[in-house]
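Hi everyone, thanks for coming.

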2 protein chains.
Amino acid sequence: MAVATRLKIGDVAKQTGVAVGALRYYESLGLLSSERGDNGYRYYPPEAVHQVQFIKKAQALGFSLEDVGDVLTVHQRGDLPCGFVRSLLQDKIQQLEDQIQQMTAFKADLEQYRDRWAESQPRPQSGDICPLIETVPLTV
Amino acid sequence: MAVATRLKIGDVAKQTGVAVGALRYYESLGLLSSERGDNGYRYYPPEAVHQVQFIKKAQALGFSLEDVGDVLTVHQRGDLPCGFVRSLLQDKIQQLEDQIQQMTAFKADLEQYRDRWAESQPRPQSGDICPLIETVPLTV
DNA sequence: CTGGACCCTGTAGTGAGCTAGAGGGTTTAG
DNA sequence: CTAAACCCTCTAGCTCACTACAGGGTCCAG
């Protein structure tokens with residue numbers, strides 16, 4: 001039976017819903033630490049559950065594990081990393097906006113092709129694979 | 001000197017702007033075929049340039065190389081794959097629309113956090129890493 | 001004392017579309 | 001003839017966050 005102050009990796013996995021392998025992966029990235037017993041087992045304090053939840057929440061905000069590592073580094077310097085988190089968040093928002101814009105423009109392109117191709121079918125020329133696609137310009 | 005009817009891989013690369021390694025990769029996926037000379041070299045007919053341009057155009061429409069392979073398979077059955085291409089295109093447009101919608105919703109979430117966090121700073125509780133992120137709900 | 005549940009390390013694989021390099025053979029211009 | 005430029009195969013690496021073994025050791029209830 002697990003004593004409350006000494007969790008095994010499976011306990012942490014159960015309490016967080018994160019797979020054992022993923023927890024070991026977090027440790028390999030320096031996002032989670034553990035003490036080792038004489039048997040080689042990882043042992044965690046109860047706060048580890050909180051730490052893993054923190055990682056999951058940060059991921060839910062679109063942060064990469066590398067971002068999380070950066071946040072934790074600031075935290076381990078003794079600072080509250082909230083300012084840093086806010087700027088990361090602003091970056092993510094900006095990236096999303098850029099991506100959305102690009103994808104929207106691209107979708108408009110595709111719709112143009114779709115609509116143009118719905119009306120008239122170009123007549124196939126010898127060697128054509130699909131006469132529709134052949135009309136796409138190469139932007140080289 | 002390259003005879004017009006027998007291109008080496010480097011010739012095709014130069015005429016299409018596609019790297020030699022990429023051409024070999026296309027061949028490994030069955031998108032491009034070549035004859036082998038006694039020296040082991042790949043030799044291509046001039047149409048290969050057109051075929052590679054076709055691949056590039058399809059990619060420009062957001063088609064994956066696997067999509068291109070499917071299109072070519074239809075073509076090799078002797079059919080004009082335009083109907084198939086149209087339905088693939090419609091799929092891509094739909095996928096883009098879904099992604100844009102998801103990203104837009106997610107961006108709105110992030111902006112909510114950003115704006116909420118700009119106003120008031122939650123007071124840190126013992127054990128908190130970043131009191132802002134701690135307020136994010138875990139959707140488990 | 002045994003069997004099943006747990007733990008360990010280390011490696012490989014996933015997806016996409018390539019690029020880079022090692023270690024060789026071939027061709028070609030001068 | 002020679003050196004550069006080309007060609008070959010095979011392997012590894014890139015990104016990201018894991019998962020899935022293989023091959024072992026450990027722990028605990030009955």
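A polar side-chain atom of A:Arg36 sits 3.0 Å from a phosphate oxygen of DNA strand C; a polar contact here is a pair of N or O atoms within 3.5 Å. In chain B, an N or O atom in the side chain of B:Asn39 is 2.9 Å from a phosphate oxygen of DNA strand C. B:Tyr25 instead places a polar side-chain atom 3.4 Å from a base nitrogen.

A quick word on the ground rules. This is a predicted model, where local features need pLDDT of at least 70 and side-chain atom pairs count only at pLDDT 80 or more, while totals for chains, interfaces and linings use all residues. Residues are numbered from 1 along each chain as its sequence is written, chains are lettered from A and ligands numbered from 1 in the order in which they are written, and side-chain values use heavy atoms, with hydrogens and water left out.

Which residues come nearest to DNA strand C? Of the 20 around it, they are A:Gly10, A:Arg24, A:Arg42, B:Asn39 and B:Gln59, where "near" means a heavy atom within 4 Å. Sugar and phosphate make up 85% of the DNA strand C atoms that come within 4 Å of the protein.

Now over to chain B, where three strands form an open antiparallel sheet in the order β1-β3-β2. Strands are DSSP runs of E, at least two residues, numbered from the N terminus, and two of them pair if DSSP finds at least two bridges between them. Two bridges join β2(B) to β3 (residues 42–44), and B:Glu35 stands opposite B:Tyr43 in β3(B).

Note on methods: Helices (H or I, at least four residues) and strands (E, at least two) are DSSP runs, numbered from the N terminus. A polar contact is a pair of N or O atoms within 3.5 Å; within protein, one must be able to donate a hydrogen and the other to accept it, and residues adjacent in sequence count only if both atoms are side-chain atoms.
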